[in-house]
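Take a moment to turn the model around on your screen before reading on. We will begin with the overall picture and then visit a few individual residues.

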Amino acid sequence: MKPVFVSQPTWVPPEHRPGLDKFKNLLWEHDLDPRSIGITDIPSQVPLDEVIKLLEHCYGAIILGIPQIEVQSGKLKGVKITSPFSLGTEWNHIEAALAYSLQLPVLVIHDVTVGRGIFDRGAANAFIHAVDFSSDSWSLTDRISGVLETWSDRFRPQ
């Protein structure tokens, strides 16, 4: 199995867990071993050092933008927020940047409510896909299965 780094929060909303479990099963079916700090790999050093060390042994990185922060009101760039939105974990952005700097193939999948940073189209040279993480079958669509196949074809030999 080829190890792939999966950027995801350690806390996942209960309604998103069934779809995430199915996605990880899909990775295993593609001979990919999903690895995450705090989930499959328990850190013994500061998290940033552990992320770098793990990324150096992975063939690619998958960034999962699972809602962590819900923004209902306030201002964004001085303009009043009129439509609520969500943010993923700040680690999504750090881990995506590290993977990108290591020239690993990066695949970004985020909930339709999550935006900003790495989840904005054009922010990085990466496949970016918006899905409804509350659907337990989001990973079983032809689109996600197909993009996973195309993405994994980009792995550089190690």
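Predicted model: local features only at pLDDT ≥ 70, side-chain atom pairs only at ≥ 80, totals over all residues.

Starting at the N terminus, you can follow its elements in the order β-α-β-α-β-β-β-β-β-α-β-β-α. The radius of gyration is 15 Å, close to the 15 Å that the globule rule gives for 158 residues, so the protein is as compact as a globular protein of that length. Along the principal axes, its C-alpha trace spans about 50 × 35 × 30 Å.

How is the chain packed? Take the contacts in the protein with a separation of 6 or more: 68% of them are between residues 24 or more positions apart. Of the 158 residues, 45% count as buried.

The accessible surface comes to about 8,300 Å², and carbon and sulfur atoms make up 52% of it. As for charge, the protein carries 14 positive and 19 negative side chains, and the centres of these two sets lie 7 Å apart.

Find D111 in strand 8. Setting aside neighbours within four places in sequence, D111 is in contact with H16, G65, P67, V131, D132, F133 and S134.

Finally, let us turn to the backbone. Most residues other than glycine have a negative phi. K77 is not a glycine, but its phi is positive, about 55°. You will see K77 in the loop between strand 5 (75-76) and strand 6 (79-80). Is K77 buried or exposed? Its relative accessibility is 74%, so K77 counts as exposed.

R116 is also a residue other than glycine with a positive phi, here near 80°. Look for R116 in the loop between strand 8 (106-111) and strand 9 (127-131). With a relative accessible area of 34%, R116 is partly exposed.

Note on methods
Residues numbered from 1 in each chain as written. Heavy atoms only, no water. Helix = DSSP H or I, 4+ residues; strand = E, 2+ residues; numbered from the N terminus. Buried < 20%, exposed > 50% of the residue type's maximum accessible area, 1.4 Å probe, protein only. Rg over C-alpha atoms; globule rule 2.2 N^0.38 Å. Contact = heavy atoms within 4.5 Å. Areas by Shrake-Rupley, 256 points an atom, 1.4 Å probe, with all protein chains shown as cover. Lys, Arg positive; Asp, Glu negative; His and termini not counted. Charge placed at Lys NZ, Arg CZ, Asp CG, Glu CD.
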